[in-house]
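Let's walk through this one together, a question at a time. Have the viewer open and follow along.

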Amino acid sequence: MTAAPFTLRPATDADHAALADLMTAVNPRHPLSTAALDHHLGSLRGHPLGLHVALWTAEATRDGQPALLGVASVMQFAGMYHPDRYHAEVGVHPDARGQGVGRALAATLEGHLRGRGAREVLAGAYEDDPDSLAFLNRRDFREVMRFFDNVLTLADFDPHAWAAQRALPAGVRAVTYADLCAQTGEDAARDAYYRGFQQARADVPRTSPATPVTPEDFRQRLQAPHFLPGGVLLAITEGGEVAALSELELEDGDPHRLNTGLTGTTRAWRRQGLALALKLRALDLARDLGAHEVWTGNATTNAPMLALNERLGFRPRVAWVEMQRGRADG
């Protein structure tokens, strides 16, 4: 794209396809489909907490047609909610950087945050993007945590070397969520999965304490386009409780890549090898599904999971630098 005048305006639902393409161009490491964007924004806007969601686009005319050069967003998320905490993002198409698009979108975003009385704003950029990190530093954001993608190439993974670690303790069996639904009915399976998920996510590293996932939040999560019922491995006790879980999720536009959602163990069952056993079974399943790579996200502070993934052969990619301005909860 060449430099040209652009205008800023609020985004509409009619922009979702173009926005998904733009966001994929901005962050090709994590491509985004229109369906995934529709579901994400719809679940936020319909949340009973009244989560705030606002998006703006920078638009220019190319060959007589409108083209999106950039997007800015201000959102609140239920999983780490505070009424004065906001997550902000500015994305500019790689071919439109250096033309003032980011500055214009940031100015609109900043005015909106002031009007909302925001006490805390979270934003971020990849560590190999010094211009974006400097952009945030100039606006008084400071680093609070790093996350990076950990990637395992399945062709390099030897499943036979881990045969003994697939064993589960007595009284525990492994089953996919899809199979559990068939065995107990969808409602009972979802309830057991939900209870285990709530406990397993409690200690996931965050910049602020987690807020509870409601049953409706969880139901929305299971309706997301990337959710794979046959890719969720659950360790089930004799009493029907979920002791541990490891989730595989679909990747937009890439049938040979699967992503890991949450892997975790409830506190009563920790240090018995459940997380490792389920991750190994998930890797077997990923291979059966035709995946070439499995991606997972890790905070640099999550030493136990980092050690586990390194043992399995996951290798870190470029880190996402989470940055914060202000503080809402003390």
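Q: What volume does the largest cavity have?
A: This is a predicted model, and a search of the whole structure finds 1 cavity of 30 Å³ or more. The volume of that largest cavity is about 40 Å³.

Q: Which helix supplies the largest share of the lining of the largest cavity?
A: Strand S9 (242–250) and helix H8 (274–288) each supply at least two residues of that lining. The largest share is 3 residues, and they come from H8.

Q: How many residues in the lining of the largest cavity are nonpolar, polar and charged?
A: Have a look at the residues around the space: Ser-246, Leu-248, Thr-260, Lys-279, Ala-282, Leu-283, Val-294 and Phe-314. Leu, Ala, Val and Phe count as nonpolar, while Lys counts as charged. Sorted by class, the lining has 5 nonpolar, 2 polar and 1 charged residues.

Q: Is Glu-110 buried or exposed?
A: Find Glu-110 in helix H3, which covers residues 101–116. Setting aside residues up to four places away in sequence, Glu-110 touches Arg-139 and Arg-325. Buried means under 20% relative accessible area. Glu-110 has a relative accessibility of 15%, so this residue counts as buried.

Q: Which residues is Thr-237 in contact with, leaving aside its neighbours within four places in sequence?
A: Thr-237 lies in strand S8 (residues 227–237). With a relative accessible area of 14%, Thr-237 is buried. Once the neighbours within four places in sequence are left aside, its contacts are Gly-171, Ala-243 and Trp-269.

Q: Where in the protein chain is confidence lowest?
A: Across the protein chain, pLDDT averages 94, and 98% of the residues score at least 70. Confidence is highest in helix H5 (residues 177–184), at 98. Where pLDDT is low, predicted coordinates should not be read in detail. The lowest confidence, a mean of 87, belongs to helix H9 (residues 303–312).

Q: How far apart are the end C-alpha atoms of residues 6–169?
A: An unreviewed UniProt entry places the feature "domain: N-acetyltransferase" at residues 6–169 and 187–330. Over residues 6–169, the chain is 29% helix and 32% strand. The end C-alpha atoms of that stretch are separated by 61 Å.

Note on methods: Residues are numbered from 1 along each chain as its sequence is written. This is a predicted model: local features need pLDDT of at least 70, side-chain atom pairs count only at pLDDT 80 or more; totals for chains, interfaces and linings use all residues. Side-chain values use heavy atoms; hydrogens and water are left out. On a 1 Å grid over the protein atoms alone, a cavity is a set of points where a 1.4 Å probe fits but cannot get out, and a pocket is an open set with protein on both sides within 12 Å along at least five of seven lines; lining residues have an atom within 4 Å of a point. Grid points are joined across faces, edges and corners, and a volume is the space filled by probe spheres set on the points. Helices (H or I, at least four residues) and strands (E, at least two) are DSSP runs, numbered from the N terminus. Buried means under 20% relative accessible area, exposed over 50%, partly exposed in between (1.4 Å probe, protein chains only). Contact means heavy atoms within 4.5 Å. pLDDT is the predictor's confidence in each residue, from 0 to 100. UniProt positions are given in the numbering used here, feature names are shortened, and annotations may be inferred rather than shown by experiment.
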